[in-house]
Each structure stands twice: as structure tokens, then as C-alpha cells.
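Hi,

Here is the structure I promised to pass on.

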Amino acid sequence: MGRLILRFAKPPALRLNPPAFETMSKPVKTAITPTRAEDYPEWYQQVIKAADLAENSPVRGCMVIKPWGYALWENIQRGLDAMFKATGHVNAYFPLFIPKSYIEKEAEHVEGFAKECAVVTHSRLEAGPDGKLIPAGPLEEPLIVRPTSETIIGETYAKWVQSYRDLPILINQWANVVRWEMRTRLFLRTAEFLWQEGHTVHATAEEAQEETRKMLEVYADFAENHMAMPVLKGRKTDGERFPGAVDTFCIEAMMQDRKALQAGTSHFLGQNFAKSCNIQFQNEAGHLQHAWTTSWGVSTRLIGGMIMTHSDDDGFVVPPRLAPQHVVILPIYRDDASRAEVMAYCDSLKKDILAQRYDDWPVLVTIDDRDLRGGEKTWGWVKKGIPLRVEVGPRDVAAGAVFVARRDNGEKTGMPRAEFVAKLPELLQSIQDNLLARAKKFRADNTVEINSKEEFYAYFTPQNKEKPEMHGGFAMCHWNGSAEVEAQVKKDLNVTIRCIPFDDADTKPGTCIFTGEPSARRVVFAKSY
């Protein structure tokens with residue numbers, strides 16, 4: 001039985017922190033230590049731990065996604081899957097294992113993924129002389145554990161496509177992927193991760209290019225309107241494009257340490273994979289020709305992006321459109337007699353809330369009646385990032401009221417129960433809109449135009465090289481298109497060209513800040529994940 005004597009909006013020693021970094025006259029105790037300003041990478045890990053999102057697995061480089069974290073992925077799946085189907089795509093599933101010979105057919109693809117491949121060479125285990133299990137039954141051909149599926153799906157499409165009447169093929173797959181990583185970080189870079197990969201086949205280059213751009217727009221729409229994470233849309237340079245692609249388009253988001261996160265990619269593959277996989281069809285004139293293909297994908301990396309876009313020094317902050325729960329009701333009572341009255345009120349309130357809809361979905365609500373101290377319970381939900389906390393005590397029951405706290409800005413207010421229930425969809429949308437506006441402002445405040453090499457190098461060089469402070473941002477600079485310049489900047493500063501943006505505002509010609517040569521337009525430089 002929970003017994004709470006006082007209402008705690010928050011413990012007196014703590015306060016809710018806004019996402020913007022601040023300079024304060026004296027230290028303020030926070031729920032997450034270290035803070036973002038003190039140690040951003042460790043802050044990120046502690047937010048995940050405090051929100052109970054995921055943990056490292058006994059298998060090196062892999063993660064266990066816990067229920068609150070997996071619910072986020074389910075909501076991402078639900079939103080994206082509806083958008084894919086609205087654009088004419090259907091789901092299918094293809095093998096996890098890919099014959100080595102398939103990977104070898106596309107030379108650039110092989111070079112891009114060879115160092116990351118996990119390889120299966122035996123079919124079973126047997127007991128050795130000492131009783132320990134040893135691999136047995138060598139395979140005739142090694143199998144690669146899926147790093148991506150262009151080759152295995154291409155081989156399948158080659159059987160399905162015979163005529164122009166068979167086109168287009170518009171298929172998406174929800175699956176897991178394995179890529180060995182030396183340095184792993186939960187959600188951002190793990191040896192195994194969850195994702196979706198779309199693979200389409202078209203009769204013309206124009207149709208395939210249109211598909212590539214269309215799916216990038218789907219990703220940008222989802223990032224901004226579901227995740228409240230603003231993104232830049234653009235094309236990757238030749239040095240950064242997907243192995244085997246003709247063109248790679250991407251969405252890039254700014255995290256709170258001012259680094260870029262590539263949040264999604266869409267690839268125009270031309271006829272490269274069609275030729276290596278022999279995807280041919282008879283066109284309307286009766287001639288045999290190779291098809292044009294695309295691929296596009298996002299992964300559980302989106303959860304990492306959401307954490308680093310919105311969370312603060314008190315924990316995770318979840319955009320309502322992806323929240324596992326929208327509202328938590330926290331009962332407050334003194335004794336068994338008041339408990340019965342308060343719990344009946346909470347049960348009734350829960351039913352009223354469930355009858356409301358937000359984003360074409362029932363408002364999700366839970367009652368937390370665990371036997372915990374008030375502050376511990378409250379701060380548990382703060383750290384999990386639930387959009388709204390609702391406290392209900394005997395006085396609220398008597399007044400027909402509730403006491404409401406917003407996670408995004410820490411605002412707390414008492415209000416009539418009926419008014420709260422009626423305004424719930426509006427209140428949740430207000431939180432969603434505030435998170436997007438706040439993230440857009442942060443990106444704007446940390447995006448600069450740089451017009452000299454000296455200024456560029458100063459911008460991306462930390463003052464403390466032993467333990468770099470947060471520095472840099474998005475630098476809009478003129479570049480002459482040279483791969484050598486691009487490689488030198490990456491070597492010197494670990495800064496890359498994130499994209500050549502589609503935004504027309506940056507298309508004025510100028511002078512490359514590195515070489516003094518003509519430049520067609522500004523591009524986006526940043527440090528990145």
C-alpha cells in the first residue's frame with residue numbers, strides 16, 4: 001500500500017532543467033549526473049539507464065532493448081509503416097543469411113561492407129575430445145549475416161521481374177542487421193540493430209529518382225512531425241554516399257552537443273545492382289533492358305536521436321506522438337479510508353482519459369500506485385520522460401480537480417478535472433509543438449556561415465583537447481568539390497560534409513574557403529555520430 005503524506009511536485013533540492021545549457025551562479029542538483037555540459041557522452045548513457053530504455057548485452061556490442069525503449073520503436077514502426085503504405089509500399093521478409101558470392105557481385109558494395117561482416121562458416125556444433133563444443137560441418141559456401149539486403153533481395157527480384165508489367169516493385173522489410181562495430185554506443189552504433197529497409201524496382205531512371213526523393217521526404221516528415229526533430233535534407237558527397245549507389249540523399253539532425261546525426265538515408269542505385277543481380281525486363285517495345293533500383297532505411301538510431309534532441313539534465317523527454325504512455329496518474333492519500341476514495345477517482349479519471357484521442361490514437365494513461373515515496377515515484381516518471389504527470393489527492397477529489405505537470409517545460413498547475421480531460425489533446429499537441437520549436441531554435445542558434453579557413457579551424461577546435469568541451473555546430477561553407485579537401489578536413493578535425501542541402505538559399509556561388517577556387521554553393525560541415 002502506498003502512503004503519501006505530502007504532495008511533491010518535485011523534491012525541494014531538485015529542479016526541472018530546460019534543454020538549453022545555462023551558466024549558473026551556483027550548482028543545482030540534477031537527476032542525471034554528469035550533466036550535458038560536464039560530460040555529454042556519459043550523460044547520454046545515464047539518461048538511457050535512468051529512463052530504463054536499454055542496457056548492454058552479454059554479447060559484446062549488442063544491446064537489450066527494454067520495454068519502455070521497445071515501445072518507442074513500436075510507435076516509430078507504427079507511424080512509418082502507415083506512411084509507407086500510404087505511398088503504395090507493402091511489407092515482406094527476406095533471409096537473414098546471404099551467400100558470400102552474392103555480396104561479391106557488386107565490387108563497391110563489397111569494399112564498403114567487408115570489414116563489418118559477420119560470417120557463418122559451419123552448420124552445427126559437436127562435442128570435442130575434452131567435452132567442449134566445437135564447430136563442425138563446414139559449409140560449402142560461407143554465409144554473411146545480413147549487413148544490408150540489396151544483394152539477396154536483388155537476386156529474388158531477378159526471378160520476379162520479367163516484363164514492364166511486373167514493375168514497379170515497392171517493398172519494405174522490418175528486420176535486424178549485424179555490422180561488427182569497434183566502438184559501440186546504445187541505440188547509436190551497435191553490432192546488431194533493428195531497422196527497416198525499402199527496396200524498389202522501376203522501369204526508368206526518372207521513376208527511381210522520384211522514389212528516392214519521395215522516401216526522403218517521408219523520413220523528413222516523420223522526423224519533424226512525429227519526433228519533433230528538425231532535419232536538413234540534402235545529397236551526400238561522392239565520398240560519403242552508400243557503397244554501390246549512384247546518389248545518396250539524407251536527413252541530418254543537430255544534437256545538443258552540436259554534432260550531426262544522420263537520421264535516415266535514401267539511395268538511388270541506378271542500374272548497378274540490377275546488372276550485378278541480373279534484374280532485367282522486356283519493355284513495351286519488346287526489348288530486354290536492366291531495371292533501375294532504390295533502397296532506403298532508418299533504424300533504432302532514431303531513438304538515440306530523440307534522446308539527444310530533447311532530453312535534459314533530469315532525464316529523457318518524449319515527444320507525445322511517440323510516447324509509450326501520455327499520462328501517468330499519481331494517487332496521493334494518507335490512510336486506507338482516503339485511499340479507497342482517491343483510487344476510485346483515479347480509476348474514473350483513467351476511463352475518461354482513455355476516451356480521448358490524440359494523433360488518431362487513444363490517449364495512453366497509466367495509474368502508478370506502487371508502494372514508493374512520493375518523490376521517488378515522481379522522479380522516476382520525470383526521468384522516463386512521460387509528457388504529463390497528474391497528481392490526485394483527497395483535496396482534488398473533493399474539488400473535482402487535478403494537479404498537472406508538463407515534462408517539456410516543468411509547468412505545474414491545478415485545474416478542473418473536466419477541463420483537463422477536454423483539453424488533453426490540445427495540451428499534448430502544445431508539448432509536441434514546443435519541443436519542435438525549441439529544437440529548431442537550438443539548431444538556428446548553432447548554425448553559422450564561415451568564410452575563411454582560419455575561422456573554420458578555430459570553430460571546430462576545442463579549447464580543451466584532453467577533454468573537449470561542446471563546440472562547433474553546423475558550418476555553412478563554400479567548398480570547391482574536391483575529395484582531397486574533404487579528406488584533409490576530416491583528417492585534421494574529424495569534420496565531414498554532412499550534406500549538400502536542397503535548400504535554395506545556399507545556392508549562390510562563391511569562393512572555396514580552403515583553396516580559393518570557385519565554389520558552386522555552400523555545404524554543411526559538422527562533427528558527427
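A term to settle before the notes: a polar contact here is a pair of N or O atoms within 3.5 Å; within protein, one must be able to donate a hydrogen and the other to accept it, and residues adjacent in sequence count only if both atoms are side-chain atoms. The model is a predicted one, so local features need pLDDT of at least 70 and side-chain atom pairs count only at pLDDT 80 or more, while totals for chains, interfaces and linings use all residues. Residues are numbered from 1 along each chain as its sequence is written, and side-chain values use heavy atoms, with hydrogens and water left out.

Ser 519 belongs to strand S26 (residues 518–519); helices (H or I, at least four residues) and strands (E, at least two) are DSSP runs, numbered from the N terminus. Ser 519 is buried at a relative accessible area of 3%, where buried means under 20%, exposed over 50%, and partly exposed in between (1.4 Å probe, protein chains only). Leaving aside residues up to four places away in sequence, Ser 519 touches His 478, Trp 479, Asn 480, Pro 509, Gly 510, Thr 511 and Cys 512, contact being heavy atoms within 4.5 Å.

Next, Arg 36, in the segment before H1. What does its side chain pair with in a polar contact? The partner is the side chain of Gln 256, at 2.7 Å. Arg 36 also counts as buried, with 2% relative accessibility. Its C-alpha atom is 23 Å from that of Pro 320, which sits 284 residues apart from Arg 36 along the chain.

Now the backbone. Which residues does a cis peptide bond join, with omega about 0°? Those are Thr 33 and Pro 34, and Pro 34 is in the segment before helix H1 (40–50). Another cis peptide bond links Leu 167 to Pro 168, with omega about -5°; Pro 168 is in the loop between helix H5 (150–160) and strand S7 (169–178).

Two non-glycine residues with positive phi are worth a look too. Asp 52 has phi near 60° and lies in the loop between H1 and strand S1 (54–56); at 33% relative accessibility, Asp 52 is partly exposed. For Arg 258, phi is about 75°. Arg 258 is in the loop between strand S10 (247–254) and strand S11 (260–268), and is partly exposed at 24% relative accessibility.

Cheers
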